[in-house]
Amino acid sequence: MMKKKILIIGGGITGCVCAILLKKAGHEVTIYDARKNLGGILNDITHKGNLFFRGVQYFDIKNLWFKEIYKLCKKDLKIFDHTYGSYTEFNNNIIATNDYAIPVVKKILIKKNNQKLKNTLTDRFNFYSPGIRNFMSRLVKKFNLNPSKLFFESSQSLQLLRVASKDNEDDMLRYKQKSKIYDDIYAIKRSRINSLYLKASLPKNSFNNFFLNLYAKLKHHGIKIELQKKINPIWEKNNLKIFHKGKEIISDFVFWTGNPTELIKNYNRKKLDSLSTRILIINADLKNNLQETKYIQVFSIKTKIIKIYMYSVNNKYKISIESIYEKNINKEKIIKDALNILKQFKIKLSIDKSSINSTIDIRYNIVSKNDYKTISQFLNMTSNSNLISGSWLKYSRDERIELSVLNLKKNNLI
């Protein structure tokens, strides 16, 4: 394999993992990022020197990419049982369960349908009975999004990939075994198909500290890192050139892991919708100890809360409450509602009121139907260029990294 010069645009976990693999294959690798630190969206929220995680960001230890990171940063990571729950308010019923992280209803009336999953989120919801279909659509509209304009795989980023039943799970299992469609839209307890506990990993201290140490490890292994460097992509026919302050950065390949908006716009003048959600994250320290690291997904039309996350950073116990942001939102009510939801799980927490803080997080994890088409066309048109794409149409970190690694293999780089 011939040695190549590879530019990686984006210093998130995907860029770091792929940099390790490319360096092991003998290439000259440089990471460019406009931020002052590695980590991307994993960087922590800082409030008066106190650190909080920016959402639920577990590492799945089963993945090959995690093993590469673990080799370098074993001392910085802890491994634990991955626990979760869901709280669903549907048809005047409240279901709080530790078996799922998706909507759970009392009973599902299965709608027989031999069609294939189509283009939009509305197409996906049409496989459900009218009551569930309406409920799922209303959950999406809470974000001021139109499900008929969203690519159907956006269900994953909205945690609406599947629905589970409390009372007729046996029926669910039979249908899932018969048809891939039903397997895609319904869920059963993990214990019925796999009794093993899920293992996950998080930094022992903080993501900021983890990426600071990873930076040193990458540099030690000969990977160049250029931070706070804003770059400009220029296309010449089907060749991508990267410039910084007017000077070209010479490379054989450009691996673009970050947002592709400017990249595509500079190629064919097409502008992406780049849909986003505005999330209010309320953080606080806890006075009492936690039994486990846990998150709970909330599916309700009656509250703006979408997720409650309990964890520890630097051996300090924390809570982060995510809700849909709106002007003049009552933060005290959000906290009160969250504590009431936790009581349904027999979890009683005491919050240190002096530590309460909040931040607005803008997330670009939703793909419109139009953007899916535009990105797919762009990838097809540039398939023979020096660009290696960063799997922009995937939501889960594991899928993004796995597809990115596959793209490197297709170009015979690893």
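Let me start with the hairpin of S14 and S15, which has two residues between its strands. Lys 237 sits in that turn and has a positive phi of about 60 degrees. Keep in mind that this is a predicted model.

S14 covers residues 232-236, and its pairing with S15 is antiparallel, over five bridges.

Now S15 itself, residues 239-244. Is this strand mostly covered or mostly open? Mostly covered: five of its six residues are buried.

S15 also pairs with S16, which spans residues 247-249. Three bridges join these two strands, and they run antiparallel. Here Phe 243 stands opposite Glu 248 in S16. S15 and S16 form a hairpin too, with two residues between them. Which residue in this turn has a positive phi? That is Lys 245, at about 55 degrees.

Next, the open sheet. There are three strands in the order S5-S12-S6, and the pairing is antiparallel. On the edges are S5, residues 59-60, and S6, residues 77-81, each of which pairs on one side only.

S12 is residues 199-203, and five bridges join S6 to S12. Within that pairing, Asp 81 has Lys 199 in S12 as its bridge partner.

What packs on this sheet? Helix H9, residues 207-220, touching S5, S6 and S12. The direction of H9 makes about 80 degrees with that of S12.

That covers the two hairpins, S14 with S15 and S15 with S16, and the sheet S5-S12-S6 with H9 packed on it.

Definitions and conventions
Residues are numbered from 1 along each chain as its sequence is written. This is a predicted model: local features need pLDDT of at least 70, side-chain atom pairs count only at pLDDT 80 or more; totals for chains, interfaces and linings use all residues. Side-chain values use heavy atoms; hydrogens and water are left out. Two strands pair if DSSP finds at least two bridges between them. Helices (H or I, at least four residues) and strands (E, at least two) are DSSP runs, numbered from the N terminus. Contact means heavy atoms within 4.5 Å. Axes are lines fitted to C-alpha atoms, for helices over the stretch in contact, and angles run from 0 to 180 degrees between N-to-C directions. Buried means under 20% relative accessible area, exposed over 50%, partly exposed in between (1.4 Å probe, protein chains only).
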